[in-house]
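Here's a quick briefing to read with the model open in your viewer.

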Amino acid sequence: MSRVLVLNCGSSSVKYRLYDGDEIRDKGTVERIGEPGGGPADHETAVRDILGRLDLAGLVAVGHRVVHGGRRFTEPVLIDDAVLAAIRDLVPLAPLHNPANLAGIEVARAALPDVPQVGVFDTAFHHTMPEAAEVYAIDRDTAQRYGIRRYGFHGTSHAYVSRRTAELLDRPYHELNTITLHLGNGASACAVAGGRSVATSMGMSPLQGLVMGTRSGDLDPAVIFHLRREGGLSVDEIDDLLNHRSGLLGLTGANDMREVLQRRAAGDPAAALAFDVYCRRITGYVGAYYALLGRVDAITFTAGVGEHAAPVRAAALAGLDRLGIVVDPERNAGSGDRVISPPGAEVAVCVIGTDEEREIARTARDLAATAR
């Protein structure tokens with residue numbers, strides 16, 4: 001057996017997959033971690049429960065999704081104490097995710113001390129971005145001193161989905177220009193030119209970009225100063241507001257798009273506005289990345305919202321007909337990996353289920369093998 005366990009610890013969930021070769025032996029998702037009336041109290045409890053009910057005989061590696069790798073981690077690594085400390089040092093850049101990632105790693109290391117632990121970083125795919133895409137227009141010395149630059153996230157998902165798009169369309173990956181839209185509780189857009197990330201919506205942290213479940217996405221920086229000076233909010237309070245109490249949650253009181261869509265259908269004006277804000281932001285990024293790429297062959301939706309919310313897909317691309325972007329209502333209402341644009345459309349619009357875990361499992365198995 002060559003079993004690999006993958007732990008994908010999100011801000012409020014843990015997704016796990018147990019692979020035997022390429023076959024999934026066990027899988028599941030623990031959701032609403034730490035939420036009132038929700039799931040387990042914390043990520044540590046969730047991961048211990050998962051490990052306790054799995055058959056881990058023959059396990060050769062545990063692969064961990066790690067959100068922020070900074071400039072140090074551009075490739076997957078075997079996790080030791082030094083790597084763990086480095087990931088902890090990066091918590092200020094990903095306060096919603098790196099602590100959850102660390103919790104999963106620490107529990108797995110303690111429970112499985114003889115099994116190699118492998119970290120796969122969300123930021124790695126975006127290291128191909130040109131300097132003009134990653135530099136913020138602030139004092140250069142200050143930016144270098146404090147590591148301020150665009151790193152980008154969801155890299156494993158964007159890499160996998162852009163490759164799968166080429167396969168679905170039967171096109172050479174190195175010739176395809178794709179805009180990938182990873183829409184889940186966290187959300188990001190990515191412009192992929194011939195297999196290389198050239199732009200992405202998340203920035204120094206996963207806070208920038210699209211509207212998300214609890215995160216604001218793009219925001220005038222002066223809002224932070226205003227809240228500090230006029231509202232008297234501390235830095236930590238503003239951090240909590242923008243990361244944990246904004247996005248769909250801030251606009252509607254619900255961070256789940258399924259609930260927002262239900263409320264919108266029932267005539268809730270707050271849900272209708274949140275939906276419009278959410279989709280308008282996506283439309284803006286699609287237009288911007290179309291301009292950057294010069295030619296777009298495909299736009300692909302993925303992750304929980306991207307794969308399952310047909311109204312979001314339709315609204316986000318509405319009005320872009322003159323760019324060759326059209327969604328076919330009947331195809332959009334279907335399921336599974338598919339093209340949802342009309343036959344012969346200039347730009348193929350696709351829906352593809354992301355599989356970050358399979359990518360992580362393959363990487364973890366290969367890296368663990370080299371360490372033996």
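**Where H6 meets H15**

Thr 156, Ser 157, Tyr 160 and Arg 163 are the H6 residues that touch Glu 356, Glu 359 and Ile 360 in H15. Keep in mind that this is a predicted model.

**More on H6 and H15**

- Sorted by class, the contact of H6 with H15 comes out as 2 nonpolar, 2 polar and 3 charged residues.
- Helix H6 covers residues 155-169 and helix H15 covers residues 356-371; their axes come within 9 Å and cross at roughly 100°.

**H2 against H3**

- Helix H2 (residues 81-89) packs with helix H3 (residues 98-111) at an angle of about 160°, and the axes sit 10 Å apart.
- An angle over 145 degrees counts as roughly antiparallel, so H2 is roughly antiparallel to H3.
- As for handedness, H2 and H3 make a left-handed crossing.
- On the H2 side, the residues in contact are Asp 81, Leu 84, Ile 87 and Arg 88, and on the H3 side they are Asn 98, Leu 102, Ile 105, Glu 106 and Arg 109.
- That contact of H2 with H3 splits into 4 nonpolar, 1 polar and 4 charged residues.

**The sheet**

- There's an open sheet of 6 strands, and if you walk across it the order reads S3-S2-S1-S4-S6-S5, with mixed pairing.
- Strand S3 (23-30) and strand S5 (77-78) are the edge strands, each pairing on one side only.
- As background, strands of a sheet pair through backbone hydrogen bonds, in either a parallel or an antiparallel way.
- Strand S4 (residues 59-66) and strand S6 (residues 117-121) run parallel, and 5 bridges join them.

**A loop residue: Asp 268**

- Asp 268 lies in the loop between helix H10 (257-265) and helix H11 (269-293).
- Its relative accessibility is 24%, so Asp 268 counts as partly exposed, a class that lies between the 20% and 50% cut-offs.
- If you want a distance to check, the C-alpha atoms of Asp 268 and Thr 252 are separated by 9.3 Å, with the two residues 16 residues apart along the chain.

Methods
Residues numbered from 1 in each chain as written. Predicted model: local features only at pLDDT ≥ 70, side-chain atom pairs only at ≥ 80, totals over all residues. Heavy atoms only, no water. Axes fitted to C-alpha atoms, helices over the stretch in contact; angles between N-to-C directions. Helix = DSSP H or I, 4+ residues; strand = E, 2+ residues; numbered from the N terminus. Parallel < 35°, antiparallel > 145°, perpendicular 65-115°, else oblique. Left-handed = near helix turned anticlockwise from the far one by under 90°. Contact = heavy atoms within 4.5 Å. Nonpolar A, V, L, I, M, F, W, Y, C, P; charged D, E, K, R; others polar. Pairing = 2+ DSSP bridges. Buried < 20%, exposed > 50% of the residue type's maximum accessible area, 1.4 Å probe, protein only.
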